[in-house]
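Colleague: Could you walk me through this model? I'd like to start with the helix packing, then move on to pockets and disulfides.

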Amino acid sequence: MKLNIKYLIPFLLFVSGQIIQSKAQPLEDSPINQTIQVSGFINTQKNIQNTLTDEQLDSFSYGAEEFKLAIIGDSGAEKESKEVMKLTSYDALLHLGDYDYECSPHKYFDTILDSKRSYKFMGIIGNHEGNSQCHNTLDEYANLLYKEMTSSKNSGVQCEFSSSKVMWVCIYKNMRIIGLSPDITGTDSKSEQLEFLKKHLDGAKEDWKVCAWHYYDKYYHTGKYPEDSNRNAVSGDGESFYDYCKDHGAIILSAHDHVYARTYVMSKFKSPVIDDYDKDSDGSIVQIRQGATLNILNGVGGYEMYIEQGKEKDYSHWQKKYAKGRNGENAKRYGGLFCQFNYGGNNKKAYCELLRINSSEELFDSFYIYQNENPDTVTYSQIDANFKNEKLNAYMVANNISSNNKEDGNGSENGGTMNNIVEKVFTKTNIIIGGSVCAAAVVLIGGSIFISKRPKKKVIGQPELIGKVSHKDIEDTYRNLNDSFTPLPTPDVLSPLSMYTEKSTFTPLPMPEGLSYFGSRRNSRNEYSFFDKTNFNDETSTMSSSKKSETLGGRSDASSDALSLINHKLVNKDNNNTAATTTTSVSFSRSNSFGNMKFNQVNNNNIRFNSISRPINTSNK
């Protein structure tokens with residue numbers, strides 16, 4: 001395609017004008033610009049991380065509201081119970097039953113539960129509140145619990161109770177807790193309690209879910225009561241309460257056995273199966289999800305410590321246990337479990353500690369709980385890293401730190417004047433317009449050079465160029481040709497030389513009219529220079545070119561114009577036989593009827609004499 005400079009220049013000027021008129025709108029949404037922004041943001045994050053301490057970042061409030069839940073069971077109304085409750089501060093208290101062992105419903109609420117408390121309170125019915133232990137006191141305990149849980153002190157806790165008031169569901173912050181009392185004498189049947197559980201757990205949207213009851217199933221105690229070794233006090237013979245809660249990712253809490261014991265993360269409770277992702281865990285990291293959770297039994301709240309015994313104490317699904325001890329060393333070391341949910345603002349993380357009184361080592365057990373629905377592809381450390389990045393981003397926004405911040409990590413200005421100049425000069429508008437103009441100039445200059453320096457093509461065979469070839473050029477061309485001619489071997493059936501074999505004759509076809517151009521006297525001496533001149537002088541007749549008229553227009557030529565009489569001896573060497581000579585005569589006559597028409601010149605630069613003359617259709621001439 002030809003590039004014409006008179007069209008190229010206006011086109012380039014038009015394109016440049018359109019770019020300038022557009023005022024070079026910023027390309028915020030372009031992939032390149034987004035990549036630059038992300039890269040700059042990451043670099044800024046790294047700079048901040050290098051200078052920002054963990055304490056500074058921790059002091060920045062971000063994410064879900066953090067709260068600490070105290071979990072205490074089987075406390076009674078003893079002075080040790082009060083001491084356990086003072087081990088640490090907390091935002092809410094969940095009691096797992098057995099408030100006293102003297103059938104005195106008001107004692108715990110009057111002497112242990114602080115009337116001026118600032119924490120929220122939730123509690124379930126234990127066996128010592130049931131009618132089997134204390135006759136006709138169940139309703140009184142239930143009413144006292146209902147009063148505390150619905151009082152103004154519990155503002156911010158939304159609770160719903162069953163008609164018996166022994167079953168309830170409470171929502172506190174982003175946690176849903178369901179309290180049940182299966183197998184407690186005088187309470188609702190197990191089927192009713194399972195129905196209540198399903199109603200309030202199915203479809204729950206809270207980040208944290210807890211199932212709490214006082215008793216346990218047979219695999220989830222440490223052997224104090226041998227009669228419980230073959231029965232499921234909670235689930236009975238029907239559907240497992242444990243597995244239903246596990247399927248919804250809820251943490252399971254229980255008591256009654258006055259020990260502390262927590263399981264591995266279990267993928268099945270009815271017949272214990274440890275989750276594959278927790279089999280090799282050391283217990284410090286717990287990852288729960290829908291279909292896998294743990295059970296924590298905590299009955300060391302302040303009233304008598306139990307020993308562990310029987311087959312139950314050796315179950316392989318126990319991750320951590322704490323009991324009275326062989327020598328009674330822990331007999332007075334009561335304790336409580338304190339769990340900090342939404343740890344550091346992360347709504348997928350919690351941190352739990354079992355703290356004890358009367359011990360030089362207050363901490364007995366500690367572990368983190370992660371909600372991880374994809375433990376095969378996501379590690380708990382990735383959960384931490386993702387949240388930290390989110391928090392760091394929020395910190396940058398809150399403190400007006402952007403990816404093009406002009407302050408370095410120490411807060412000092414980094415090349416302020418030069419940065420201002422660079423920002424003013426190298427704006428997006430200036431860069432785009434300048435780049436476009438430079439590109440147009442390069443194309444314009446390069447295109448002009450290309451057009452002006454492009455070599456002209458020599459077209460062979462066009463009539464308008466034939467007249468520019470001199471006779472001398474043609475003569476020199478034929479003078480330099482090699483006189484020898486050796487035809488390539490070809491099959492006999494196709495060989496054009498088969499007609500020249502011995503005793504064959506050759507009848508030449510009329511030569512094209514255009515070849516008479518070389519019949520002029522000026523070229524007669526050179527036309528046959530490529531033939532064997534010796535044989536030619538012996539056996540060819542003279543060419544009567546003298547009769548050819550010098551001027552073709554204006555007069556009639558009475559005689560035929562014999563252009564060429566060529567006698568070409570073809571020698572066929574066959575042993576000692578003499579060469580058979582075939583005289584080929586090619587004659588061509590021009591009619592006298594051309595009149596005043598000018599002589600036609602040849603259209604081909606390269607003229608070849610073919611060994612086989614081809615007939616020419618002259619019907620239209």
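Modeller: Bear in mind that this is a predicted model. Helices α5 and α6 run roughly parallel to each other, because an angle under 35 degrees counts as such, and the angle at which α5 (residues 105-112) and α6 (residues 138-150) pack is about 30 degrees.

Colleague: And how many Å apart are the axes of α5 and α6?

Modeller: The axes of these two helices lie 8 Å apart.

Colleague: Which residues make the contact?

Modeller: On the α5 side the contact is formed by P105, H106 and F109, while α6 contributes E140, Y141, L144, L145 and E148. Sorted by class, the residues of this contact between α5 and α6 comprise five nonpolar, one polar and two charged.

Colleague: Switching to pockets, what volume does the second largest pocket have?

Modeller: The volume of the second largest pocket comes to about 480 Å³, and its lining consists of 23 residues, with N347, K348, Q371, N372 and E373 lying nearest the centre.

Colleague: Is the C103 and C134 link left-handed or right-handed, and where do the two cysteines sit?

Modeller: The link of C103 and C134 is left-handed, with -85 degrees about the S-S bond. This pair connects distant parts of the chain, 31 residues apart, since C103 is in the loop between β2 (92-95) and α5, and C134 is in the loop between β3 (120-123) and α6.

Key. Residues are numbered from 1 along each chain as its sequence is written. This is a predicted model: local features need pLDDT of at least 70, side-chain atom pairs count only at pLDDT 80 or more; totals for chains, interfaces and linings use all residues. Side-chain values use heavy atoms; hydrogens and water are left out. Axes are lines fitted to C-alpha atoms, for helices over the stretch in contact, and angles run from 0 to 180 degrees between N-to-C directions. Helices (H or I, at least four residues) and strands (E, at least two) are DSSP runs, numbered from the N terminus. Angles under 35 degrees count as roughly parallel, over 145 as roughly antiparallel, 65 to 115 as roughly perpendicular and the rest as oblique. Contact means heavy atoms within 4.5 Å. Ala, Val, Leu, Ile, Met, Phe, Trp, Tyr, Cys and Pro count as nonpolar, Asp, Glu, Lys and Arg as charged, and the others, Gly among them, as polar. On a 1 Å grid over the protein atoms alone, a cavity is a set of points where a 1.4 Å probe fits but cannot get out, and a pocket is an open set with protein on both sides within 12 Å along at least five of seven lines; lining residues have an atom within 4 Å of a point. Grid points are joined across faces, edges and corners, and a volume is the space filled by probe spheres set on the points. A disulfide is a pair of cysteine sulfur atoms within 2.5 Å.
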